[in-house]
Amino acid sequence: GDFNFALNDLLVNRRLKQNSGFRLFCLLLCDLCICLYILNCGFRVCKRWKRLVKDQRLWRNVDLTSWKGVTSRILWVLLRQYLGCGLRCLRLRGLLLSARGGTFLSESWLKALSTKCPRLSKLYLLHADLRSLPSCQILPPSLQVLELRGCELPRGFFNQTLPSASPQERAEPTSSVGAQLKGRNQKGKGAGSPSGIGIERLVLNNVPSFTDQHLQGLTSWERLCHLELRDTFRVTANGLRSCAAKDGVCGVEGLSRLKFLEIGITGRQGYQLHMASLGLGAGWLGLEELSLGGKEVGPGLLCASRLKDLKRLRLWDCTLSELQIARSCRMLRGLRQLEFVDVRFQPRQNPPAEEGEGGEEEEQDREEAAGADGSSDENKMADMNDPIPGLRRTLAVLLPSCTLVFTNCSVQNNED
């Protein structure tokens with residue numbers, strides 16, 4: 001048969017490469033091994049099946065977030081017997097919400113993980129208590145993506161402590177040629193330093209202990225180019241402003257390599273809203289993509305015009321009006337893509353003009369929108385119920401080089 005247990009190892013390896021069904025069967029066998037160990041059930045298989053389960057091609061992506069009973073003991077067994085150089089992505093569920101508690105990720109286990117899995121590039125932690133760890137520098141140096149959801153962090157977790165220089169390196173060169181050589185050596189060490197944090201993408205989702213101090217610690221990361229802050233309630237506008245990339249005495253300071261930034265508050269009620277996106281008002285050099293969600297959309301749109309390098313803007317899980325979007329996007333002439341995800345649009349309203357300050361601006365916005373609506377009366381009647389077509393025409397005039405994307409958007413009823 002196709003799954004004859006008497007097959008030799010060469011044929012088994014060939015089937016792993018060619019037969020997707022056989023590969024799926026082997027992956028299910030790996031899950032069975034984990035289940036039996038968690039349930040403390042003994043099992044016996046032949047030597048060939050035992051070698052097959054330890055094939056590193058079956059342990060590229062390991063997801064244990066659905067298992068609530070994974071303890072530090074099980075992690076040690078997995079690391080010693082199964083995980084190896086083939087591991088690329090690891091997803092773990094901690095014991096922060098578990099009744100048993102106890103230590104989940106220890107410093108010794110993370111060091112062993114770095115040694116045995118040198119190609120691990122993505123680590124996802126759910127409900128993990130990291131307060132027993134001294135710093136993120138004990139994480140595997142091969143990591144490029146770190147995602148934390150519902151975790152607890154200690155103070156200074158993201159601070160990077162660079163190794164102290166030797167007495168010879170501290171000595172200043174006596175000639176200009178020596179100074180140039182020293183600068184080149186320092187640049188070379190900084191680019192490929194094994195002690196530096198190589199994480200390029202950091203995702204924080206519902207991490208209440210993340211504060212401005214942690215955000216300031218990220219400025220020492222030389223490769224961080226993608227940062228997502230979702231439901232990080234303790235980040236303030238001043239904290240974000242102090243970390244923004246700006247010209248300083250020694251060049252660009254702050255998060256100078258950051259290209260993508262996401263800020264969104266959609267979760268718990270009762271938290272004081274700091275409106276952290278107001279920190280973008282001071283500008284951000286090199287920031288090309290901005291994603292705003294929930295309660296951060298309104299304040300962020302007010303400051304988006306200060307981002308001179310902004311190319312793509314994403315708005316999600318919020319309520320917007322056509323007039324509000326037209327006002328905010330009027331100055332974003334360099335925008336190339338504007339995306340709306342799960343946005344509830346308010347229907348058009350034409351209230352009578354009121355005297356007072358700001359009346360001229362509203363009239364100008366209405367005139368621009370009307371100039372973009374050079375269509376028939378039937379289209380205008382349809383736009384009264386659906387503002388998206390009118391919004392498309394308005395933005396086509398304001399942002400002629402911008403691509404619009406609407407995903408799962410809706411129109412809010414007047415009764416609502």
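1. Two strands count as paired if DSSP finds at least two bridges between them. Helices (H or I, at least four residues) and strands (E, at least two) are DSSP runs, numbered from the N terminus. By that rule, strand β11 (residues 312-320) pairs with strand β12 (residues 337-345) in the parallel sense, over 8 bridges. Arg-314 has Glu-339 in β12 as its bridge partner.

2. A note on the source. This is a predicted model; local features need pLDDT of at least 70, side-chain atom pairs need pLDDT 80 or more, and totals for chains, interfaces and linings use all residues. Residues are numbered from 1 along each chain as its sequence is written, and side-chain values use heavy atoms, leaving out hydrogens and water.

3. Strand β13 (residues 403-407) joins β12 by 5 bridges, with Gln-337 opposite Thr-403. Strand β14 (residues 410-411) joins β12 by 2 bridges, and here Arg-344 stands opposite Ser-410.

4. Phe-340 lies in β12 and Phe-406 in β13, 66 residues apart. Both are buried (under 20% relative accessible area, 1.4 Å probe, protein chains only; exposed is over 50%, partly exposed in between).

5. Elsewhere, Phe-157, Phe-158, Phe-210 and Trp-221 form one aromatic cluster.

Technical notes:
Phe/Tyr/Trp six-rings, centres within 6.5 Å; stacked < 30°, edge-to-face > 60°.
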